[in-house]
Amino acid sequence: MPRPTPPRKTPPEERHVLPCGTEIALRRSHRARRYSLRIPATGGLPILTMPSAASATEALRFAQSRSDWLARHLRARPRSIRVAHGTT
């Protein structure tokens, strides 16, 4: 009977601040073939997924080249609403 393959551990995200002042998370992926910049709908930092063999410097250069797009979409994202007991 074959042994089950253990799940791959996701490497931790590296946090960086772009020269434009936006903080992003870099995530390396063994499956990624190109850079992918996305903004989670649930909030949180923008995530730049990159191939595991790619250079972090090159990835940050890619993110900086997309800083206008990033700023525009971050401004358009609805503000989060904090829900707590006693708030209205």
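I take contact to mean heavy atoms within 4.5 Å. The model is predicted, so I note that local features need pLDDT of at least 70, that side-chain atom pairs count only at pLDDT 80 or more, and that totals for chains, interfaces and linings use all residues. Residues are numbered from 1 along each chain as its sequence is written, and side-chain values use heavy atoms, with hydrogens and water left out.

Entry on T22. I looked up its place and found T22 in the loop between β1 (14–17) and β2; strands are DSSP runs of E with at least two residues, numbered from the N terminus. T22 has a relative accessible area of 15%, so I list T22 as buried (under 20% relative accessible area, 1.4 Å probe, protein chains only). Leaving out residues up to four places away in sequence, T22 touches H16, V17, L70 and L74.

Entry on the hairpin. I checked how β1 and β2 run and found them antiparallel, joined by four bridges (two strands pair if DSSP finds at least two bridges between them). The two strands form a hairpin with five residues between them. In the turn, G21 has a positive phi of about 100°. Across the pair, R15 stands opposite A25 in β2.

Entry on S29. I placed S29 in strand β2, residues 23–29. S29 counts as buried because its relative accessibility is 18%. A polar atom of the S29 side chain lies 3.1 Å from the backbone nitrogen of R31. I also noted that S29 touches T49, M50, P51 and S52, with residues up to four places away in sequence not counted.

Note on methods. Buried means under 20% relative accessible area, exposed over 50%, partly exposed in between (1.4 Å probe, protein chains only). A polar contact is a pair of N or O atoms within 3.5 Å; within protein, one must be able to donate a hydrogen and the other to accept it, and residues adjacent in sequence count only if both atoms are side-chain atoms.
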